[in-house]
Amino acid sequence: QVQLVESGGGLVQAGGSLRLSCAASGRTFSNYAMGWFRQAPGKEREFVAAITRYGGNTYYADSAKGRFTISRDNIKNTVYLQMVSLKAEDTAVYYCAADRALAEQRPPAVGSEYDYWGQGTQVTVSS
């Protein structure tokens, strides 16, 4: 099994930056594609970004493209989400998720396809 712990959330002003981290347990981290999702109060969880097993490809929601960057370090068993030019609408709880992958393939963009989830970290953007 995989345990995921997010960190790095906080309160920032619109236009600011924040870097989220997700630390994973185990030595088989590279067997998993990783994704970031977010959920605002009263709304469904939505896809933000994903990265393949070895970091060869990244994918973004339209709302994140150009502002967010997902990356991973398979030595540190950590995935990151660098966020810049934050907007009030980015306010949400951000979740890290792991999807068991058989190859360096495109990760799913739907949360139901992921196998493991962290507890989330709150990001609040003031305007």
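User: Hi! Is Glu46 buried or exposed, or something in between?
Analyst: Glu46 is partly exposed, with a relative accessible area of 36%. For those words, buried means under 20% relative accessible area, exposed means over 50%, and partly exposed is in between (1.4 Å probe, protein chains only). This is a predicted model, where local features need pLDDT of at least 70 and side-chain atom pairs count only at pLDDT 80 or more, while totals for chains, interfaces and linings use all residues. Residues are numbered from 1 along each chain as its sequence is written, and side-chain values use heavy atoms, with hydrogens and water left out.

User: Thanks. Which residue does Glu46 form a salt bridge with?
Analyst: That would be Arg38, and the closest N and O atoms of the two are 2.7 Å apart. A salt bridge here is a side-chain nitrogen of Lys or Arg within 4 Å of a carboxyl oxygen of Asp or Glu.

User: And is Arg38 buried or exposed?
Analyst: Arg38 counts as buried, at 6% relative accessibility.

User: How far apart are the closest N and O atoms of Asp90 and Arg38?
Analyst: They are 2.9 Å apart, and this pair is a salt bridge too. Strands are DSSP runs (E, at least two residues), numbered from the N terminus.

User: What about Asp90 itself, buried or exposed?
Analyst: Asp90 is buried, with a relative accessible area of 0%. Asp90 also forms a salt bridge with Arg67, with 2.7 Å between the closest N and O atoms. Arg67 sits in the loop between strand 6 (58–60) and strand 7, 23 residues from Asp90. Arg67 counts as buried as well, at 12% relative accessibility.

User: Which residues end up in one network?
Analyst: Salt bridges that share partners join Arg38, Glu46, Arg67 and Asp90. The count of salt bridges comes to 3.

User: New topic: what is the strand order in the open sheet of 4 strands?
Analyst: The order is 1-3-8-7, with antiparallel pairing. Two strands pair if DSSP finds at least two bridges between them.

User: Which strands stand at the edges?
Analyst: Strand 1 (4–7) and strand 7 (68–73) do; each has a single partner strand, so one side of each is left without a neighbour in the sheet.

User: And how many bridges link strand 3 and strand 8?
Analyst: Strand 3 (residues 18–24) and strand 8 (residues 78–83) pair in the antiparallel sense over 6 bridges. Leu20 has Leu81 in strand 8 as its bridge partner.
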